[in-house]
Amino acid sequence: MVQGVSLSTLATCGKSRIYCSSHSWMTPFEPFKRSHIESATGKHVVWNKCVQSLVLIGYPCVSRQRSCFKVKAGWMFRGGEQGLDASVEQSESANEDILMFFFQLDLATRVQCALNMEEYDIAQQLRSKLSEVEEEVTKQQQSKRGMSAKSEAQDKAISIIRLRSDLQSAIENEDYALAAKLRDEISKLEAESLAASAKALAHENAQYVFRLGQKVRHKLFGYRAIIVGMDPVCSESNSWIENAQVKKLPRGSTQPFYQVLVDVRAEPDLLVAYVPEENLLIPDKPDKGRFDHPYMSFLFYGMDSAGDFIPIKQLREKYNKPRHEIPFDPPTDEDGGKA
């Protein structure tokens, strides 16, 4: 059963619903009765320190783009010719990824709730929708982890074998024009296969410096943040990469990139950022100070003794990461004497 995490307090309110024309699982849902968040076109964040809730004002709008849904967000990048600031690393797609995770959690919670109330028909419908969502999310994760590149390399290798057979037949039939054409196609496919294999290998051998729930500080902009996701290489769009000037980084776009929640007290306009590994630092001392963000209670159980946050089980499973155990330092004789 989902560990008490529900999107019932997150996603919709009033007339807000989620729509999509390309996937059956995005058919309109009935509005949730309780809500602290309204999914919206043009997200304007209102942070209420008293009730500690996030309000996204407006109505949801989902559009189809490259066979996957896309929640339209209202923020715009700044910087570029005027110089970089923290907003260039603000990521709409990273925020959408987190919201999709919330959506999964909510569906799983609703399935369990329906089963507990013996509403088996409703539970079956919700489970079907959950399966479709999970299938779509799995495809996206496989793409990020290089599975698509590995499959592409294998497909190209099979095509090369077939073309070489055709080439041999063309030579035996003394059809040299066809043989030359096939030789050019083989050369092109070999180069593409090599590139795909290199990409897949880079994904498989990715080593992450930071872990889920870890508190970090931005090397350039100084804000405090918490790791909530990671990719082996930059998975953002070309326009985002260009705007953030990723190609000017020493390690470029082939280094790990992290989804981070930013302390809204320090950066109220920067909700979720997508940051290259080289721009993040571990604090010199354990940071146990206050950290405010509307997503915190849905992604973490709480803070550990080192000041980092403990990710929920579902978040660890999403990235296939083990639970981080804090080393236990037994009390010394001196400490025992003081006690």
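**Cysteines, chain and sheet**

Reply: The structure holds zero disulfides, where a disulfide is a pair of cysteine sulfur atoms within 2.5 Å. This is a predicted model, in which local features need pLDDT of at least 70 and side-chain atom pairs count only at pLDDT 80 or more, while totals for chains, interfaces and linings use all residues. Residues are numbered from 1 along each chain as its sequence is written, and side-chain values use heavy atoms, with hydrogens and water left out.

A residue is called buried under 20% relative accessible area, exposed over 50%, and partly exposed in between (1.4 Å probe, protein chains only). Cys 113 is partly exposed because its relative accessible area is 39%. Cys 234, by contrast, has a value of 12% and is therefore buried.

The setting comes next. The chain has 339 residues, of which 44% count as buried. Its accessible surface comes to about 19200 Å², with 51% of that area belonging to carbon and sulfur atoms; such areas come from the Shrake-Rupley method with a 1.4 Å probe, and for residues only the protein chains shown count as cover. Eight helices and 11 strands make up its secondary structure; these are DSSP runs numbered from the N terminus, with helices (H or I) of at least four residues and strands (E) of at least two.

Confidence is expressed as pLDDT, the predictor's confidence in each residue on a scale from 0 to 100. The chain has a mean pLDDT of 74, and 68% of its residues reach 70 or more. Over residues 1–82 the pLDDT stays under 50. For that stretch the model has 184 contacts beyond four places in sequence, a contact meaning heavy atoms within 4.5 Å. Among contacts in the chain with a separation of 6 or more, 62% join residues 24 or more positions apart.

Two strands are said to pair if DSSP finds at least two bridges between them.

Five of the five residues of S8 are buried, so the strand is largely enclosed by the rest of the structure. Val 272, Tyr 274 and Pro 276 point one way from S8, whereas Ala 273 and Val 275 point the other way.

Further along the sheet, strand S5 (residues 215–218) and strand S6 (residues 224–231) pair in the antiparallel sense over three bridges. Lys 215 has Ile 226 in S6 as its bridge partner. S5 and S6 form a hairpin with five residues between them, and Gly 222 in the turn has a positive phi of about 80°. S5 also pairs in the antiparallel sense with strand S9 (residues 280–281), here over two bridges. The bridge partner of Arg 217 in S9 is Leu 281.

Gln 245 lies between helix H5 (238–243) and S7. Most residues other than glycine have a negative phi. Gln 245, which is not a glycine, has a positive phi of about 55°, and it is partly exposed because its relative accessible area is 22%. Another such residue is Glu 118, with phi near 60°. Glu 118 lies in the loop between helix H1 (92–116) and helix H2 (120–144) and is exposed because its relative accessible area is 58%.

Lys 156 is found in H3 (residues 147–172), and because its relative accessibility is 15% it counts as buried. Leaving aside residues up to four places away in sequence, Lys 156 touches Leu 189, Glu 192 and Ser 193. Its side chain makes a polar contact with that of Glu 192 at 2.8 Å. A polar contact is a pair of N or O atoms within 3.5 Å; within protein, one must be able to donate a hydrogen and the other to accept it, and residues adjacent in sequence count only if both atoms are side-chain atoms. Ala 157 also lies in H3, but counts as partly exposed because its relative accessibility is 33%. The C-alpha atoms of Ala 157 and Ser 193 are separated by 6.8 Å, although these residues are 36 residues apart along the chain.
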